[in-house]
Amino acid sequence: MKPTLTRTALLISALLLSPLAAQAAAPTKAEYAAAKTTISADYKAAKAACASLKANAKDICKEEAEAAEKNARAELEFSASGKPADAMKVQTVKADGAYEVAKERCDDLSGNAKDVCNKEAKAAHVAAIAAAKSPKASVEDRAEAKEDVNEAKYKAAAEKCDTLTGDAKTACVQAAKTAHGQR
């Protein structure tokens, strides 16, 4: 992460220390415009820094730069509006960015290790999205989200069992089912 990107992230994070503080101290139009310009400049600098990298490291770097830009923009929108929906969007954007970076990191792997990595990334994404939505969710929605998270975690755990055979594989799958509430 470049120093300017860190500085912007810290500035925006300071604005977001609490939702009430963000509502009370929304940026002026000039501050908002300046922050947008800084975010764009930081993104371009971070993306340019990726040019010297090769292969998947370059792809990971680009995903990280894009995720940081999207996070900063979402946080800026929330700091300007203070709306709960924008707070939820910040969490969703962060989850999506982390998922994209994680998937890109999985590309360095192959075979079952890559499959496991992708499923673990998906499970983390499902859990993060469920957490972002939980304050607004009804009891039924929370229960459904919990089921989705458990299913995603089960799939990741079961994928690890694919390297085993016979009774060991059966025991591994059964343990994954038990651990994640699957039948």
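Mentor: Helices (H or I, at least four residues) and strands (E, at least two) are DSSP runs, numbered from the N terminus. The model is predicted: local features need pLDDT of at least 70, side-chain atom pairs count only at pLDDT 80 or more, and totals for chains, interfaces and linings use all residues. Residues are numbered from 1 along each chain as its sequence is written, and side-chain values use heavy atoms, with hydrogens and water left out.

Trainee: Is E69 buried or exposed?

Mentor: E69 lies in helix α4 (residues 55–81). Buried means under 20% relative accessible area, exposed over 50%, partly exposed in between (1.4 Å probe, protein chains only). E69 has 15% relative accessibility, so E69 counts as buried.

Trainee: Which residues is E69 in contact with, leaving aside neighbours within four places in sequence?

Mentor: Contact means heavy atoms within 4.5 Å. With neighbours within four places in sequence set aside, the contacts of E69 are I39 and Y43.

Trainee: Where is D108, and is D108 buried or exposed?

Mentor: D108 sits in the loop between α5 (84–106) and α6 (111–133). Its relative accessible area is 53%, so D108 is exposed.

Trainee: How far apart in space are D108 and A57, C-alpha to C-alpha?

Mentor: Beyond its neighbours within four places in sequence, D108 is in contact with N56 and I60. In sequence, D108 and A57 are 51 residues apart. Their C-alpha to C-alpha separation in space is 8.7 Å.

Trainee: What class of accessibility does D148 have?

Mentor: D148 belongs to helix α7 (residues 139–161). Its relative accessibility is 39%, so D148 counts as partly exposed.
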